[in-house]
Amino acid sequence: MSPKVTSPKVTVSLIKADVGGWPGHSMVHPALKEAAASILGQAKSARTLIDYEIMACGDDLELLMTHNLGVDDGEIHGLAWEAFEKATARAKELKLYGAGQDMLSDAFCGNVRGMGPGVAEMEFAERGAEPIVAFMMDKTEPGAFNMPIFKMFADPFNTAGLIIDPSLHQGFIFEIWDIREHKKVLMNSPEEMYDILALIGAKSRYVIKRVYPKAGKLPVDEPVAVISTEKLYQTAGKYVGKDDPVALVRSQSGLPALGEVLEPFAIGHLVSGWMRGSHNGPLMPCSFETAHPTRFDGPPRVIAAGFQLCNGNLVGPVDLFADVAFDLTRQRVLQITDYMRAHGPFEPHRLPMEDMEYTTLPGVMERLADRFEDTEE
Ligand code: F6R
Ligand code: MG
Ligand code: MG
């Protein structure tokens, strides 16, 4: 049976939520994956979905779905919501930790954006061969993707194709969001590279949302990368859990090669969001099997699931960071972990006050308000 077709293009939707941890905030219990699979399996039989894959990174349940219904589709978002609700019910039965923590609303109203789950979706015409990577992070924030996405699509020291391959040489267009002011801007690389970096280096405020190709081999209106930008603590107005981000990146033939897409993660760069959403630490690329952050609830993790699309079917996943070539990165991340941990409650291990997701410090300030005097020196 072929799937329901409303568009000749394929849509890939990666929607994630933390609906309960096992134990604490460390990983997803298999029963939650089974609960989600029962909903997505029915949708595949009913041909609403072409295909799906259920994965986990740390305490986040990750739903990767393919279909022909376009981005922001109510039926697809409704399915994800139903899968998270069913998984939440199982999490409550098992008394898992923080059951339903990312489900900020009791009722679904057409779109999961702003309701707690994180979303990365893109619609495009599937090429003759379409390699795609789903990146999933835990214990960090959307800005953690800024440096790797920039390096993939704009840094010639990372992506040799920008220099060597005529189909990449003209560069890419970055859609950057100001997540505090809810504004966005399109910027050209390499022409505006320094200005792009001026913004995205401030990663808690400016985040790369999408990357587009320039006129050439690929349609200019179809994104080649997309990142979830939900900020849970801003959505909820108070700390209810973390906004651990996800991203989808297409690769090869006019785009960064698979190895150029993965290479930025060999740094183990510093990201924020570790322990209580309030610490900086190195991002560890790791295998699916080892994506269970337990050292001080970390260090922050990233996994990469590789697929070839075949008429919307997900041929995969391949556990891309299982490669021993990332072993040295992991060793370095462990050394940096010790070094950062040695700082305890001091910045820059602890985040600056304005970026902390827990608000205990203002409590301290209130208690001390009467005792603070003017310094007369
Ligand atoms: C959650 C996380 C953890 C928690 C920490 C405290 O994703 O990053 O570091 O913030 O375990 O959790 P609570 O407040 O639930 O006891
Ligand atoms: Mg959790
Ligand atoms: Mg998480």
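Guide: A salt bridge is a side-chain nitrogen of Lys or Arg within 4 Å of a carboxyl oxygen of Asp or Glu. This is a predicted model: local features need pLDDT of at least 70, side-chain atom pairs count only at pLDDT 80 or more, and totals for chains, interfaces and linings use all residues. Residues are numbered from 1 along each chain as its sequence is written, chains are lettered from A and ligands numbered from 1 in the order in which they are written, and side-chain values use heavy atoms, without hydrogens and water.

Visitor: Which residue forms a salt bridge with lysine 9?

Guide: Look for the closest N and O atoms, 3.1 Å apart. The partner of lysine 9 is glutamate 222.

Visitor: How many salt bridges are there between domain 1 and domain 2?

Guide: The domain assignment, automatic or from a database, gives domain 1 as 1-124 and domain 2 as 126-353. Their C-alpha centres lie 21 Å apart. Contact (heavy atoms within 4.5 Å) joins 35 residues of domain 1 to 46 residues of domain 2. The salt-bridge count between domain 1 and domain 2 is two.

Visitor: Which element gives the most to the side of domain 1 that touches domain 2?

Guide: Strands here are DSSP E runs of at least two residues, and helices H or I runs of at least four, numbered from the N terminus. β1, β2, β3 and β4 (118-124) each give two or more residues to that side of domain 1. With seven residues, the top contributor is β4.

Visitor: Which protein residues are donors of the magnesium ion (ligand 2)?

Guide: Donors are N, O and S atoms within 2.8 Å of the metal (3.2 Å for Na, K and Ca); water is not among the atoms, so sites may look incomplete. In sequence, the donor residues of ligand 2 follow the spacing D-x6-H-x33-D. They lie 1.9 to 2.3 Å from the ion, and they are Asp18 (OD), His25 (ND1) and Asp59 (OD).

Visitor: How many residues apart in sequence are the parts that aspartate 18 and aspartate 59 tie together?

Guide: Aspartate 18 sits in the loop between β1 (10-17) and α1 (30-45). Aspartate 59 sits in the loop between β2 (51-57) and β3 (60-67). The pair therefore ties together parts whose separation in residues is 41.

Visitor: Is aspartate 18 buried or exposed?

Guide: Buried means under 20% relative accessible area, exposed over 50%, partly exposed in between (1.4 Å probe, protein chains only). Aspartate 59, at 2%, counts as buried. Aspartate 18 has 2% relative accessibility, so aspartate 18 counts as buried.

Visitor: Which residue bridges the magnesium ion (ligand 2) and the magnesium ion (ligand 3)?

Guide: The two ions lie 5.0 Å apart. The residue that bridges them is aspartate 59.
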